[in-house]
Amino acid sequence: MPSTKEYTDFILEQLAELHEVTSLRMMGEYIVYYRGKVIGGVYDDRFLVKATPSARDKMPDAPLQKPYEGAKEMLLVDNVDNRDFLAELLRAMYDELPEPKKKVKK
């Protein structure tokens, strides 16, 4: 079941304080970027983030879930109503995320 635009819009609105959050629709789901780095995404109307040490510290009881079959497990963010928490979470995770891959020019 692909994610709904309404749920994705809700998540993006909750993250609006950060100003540098973008999303990209891929195969009915949405990849979420913060300052150019992949932070996670919206999959089947669930907000999942990469399981970085900071994310695990901020959400020690968060279950690991696969966004889709064959993918790495990610942490389920269930506190999506708390904008301050979401902003703290993304800020804490940022330095632990890999730099975006450089595009090769042909």
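Reply: The largest pocket has a volume of about 500 Å³. Bear in mind that this is a predicted model.

Me: Which residues lie closest to the centre of the largest pocket?

Reply: Ile31, Tyr43, Pro67, Tyr68 and Met74 do, out of 16 residues that line the pocket. Two elements, β2 and β3, each give two or more residues to that lining.

Me: What makes a residue count as lining a pocket?

Reply: It has an atom within 4 Å of a pocket point. Ile31 and Tyr43 are among the residues that pass.

Me: How are the strands arranged?

Reply: Six strands form an open sheet in the order β1-β2-β3-β4-β6-β5, with antiparallel pairing.

Me: Why are β1 and β5 called edge strands?

Reply: Each pairs on one side only. β5 covers residues 64-65.

Me: How do you know that β1 and β2 pair?

Reply: The cut-off is at least two bridges between the strands. Strand β1, residues 21-26, has six bridges to β2. Six meets the cut-off, so they pair, and they run antiparallel. Within this pair, Ser23 stands opposite Val32. The hairpin has two residues between the strands, and Met27 there takes a positive phi near 50 degrees.

Me: What joins β3 to β4?

Reply: Four bridges do, and the strands run antiparallel. Gly41 in this pair faces Leu48 of β4, standing opposite. β3 and β4 also form a hairpin with two residues between them. Asp44, in the turn, has a positive phi of about 50 degrees.

Me: What makes β4 and β6 a pair?

Reply: They have two bridges. The rule asks for at least two, so they qualify. β6 spans residues 74-76 and runs antiparallel to β4. Leu48 stands opposite Leu76, and Val49 stands opposite Leu75.

Me: Which way do the β4 residues point?

Reply: Arg46 and Leu48 point one way, Phe47 and Val49 the other. All four are buried.

Me: Why is Arg46 called buried?

Reply: Its relative accessibility is 18%. Buried means under 20%, so Arg46 qualifies.

Me: What makes Asp44 and Arg46 a salt bridge?

Reply: Their closest N and O atoms are 3.7 Å apart. The limit is within 4 Å, so the pair counts. Asp44 itself has a relative accessible area of 27% and is partly exposed.

Me: How many salt bridges does the whole structure hold?

Reply: A search finds six. One of them joins Arg83 and Glu13, with closest N and O atoms 3.4 Å apart. This pair links distant parts of the chain: Arg83 sits in helix α3, Glu13 in helix α1, 70 residues apart.

Me: Why are Arg83 and Glu13 called partly exposed?

Reply: Arg83 has a relative accessible area of 34%. Glu13 stands at 44%.

Me: Is Glu99 buried or exposed, and is Lys37 buried or exposed?

Reply: Glu99 is at 58% relative accessibility. Exposed means over 50%, so Glu99 is exposed. Lys37 is at 3%. Buried means under 20%, so Lys37 is buried.

Me: Which residues of α1 are buried?

Reply: In α1, residues 5-14, they are Tyr7, Thr8, Ile11 and Gln14. Seen down the helix axis, the buried residues fall within an arc of 125 degrees, so they line one face of α1.

Me: What covers the buried residues of α1?

Reply: The cover includes β2, β3, β4 and α3.

Me: Why is Thr52 called buried?

Reply: Thr52 has 7% relative accessibility. That is under 20%, so the word applies. Thr52 lies in the loop between β4 and α2. Not counting residues up to four places away in sequence, it touches Met93, Glu96 and Leu97.

Note on methods:
Residues are numbered from 1 along each chain as its sequence is written. This is a predicted model: local features need pLDDT of at least 70, side-chain atom pairs count only at pLDDT 80 or more; totals for chains, interfaces and linings use all residues. Side-chain values use heavy atoms; hydrogens and water are left out. Buried means under 20% relative accessible area, exposed over 50%, partly exposed in between (1.4 Å probe, protein chains only). The arc is that of the directions from the helix axis to the C-beta atoms. Contact means heavy atoms within 4.5 Å. A salt bridge is a side-chain nitrogen of Lys or Arg within 4 Å of a carboxyl oxygen of Asp or Glu. On a 1 Å grid over the protein atoms alone, a cavity is a set of points where a 1.4 Å probe fits but cannot get out, and a pocket is an open set with protein on both sides within 12 Å along at least five of seven lines; lining residues have an atom within 4 Å of a point. Grid points are joined across faces, edges and corners, and a volume is the space filled by probe spheres set on the points.
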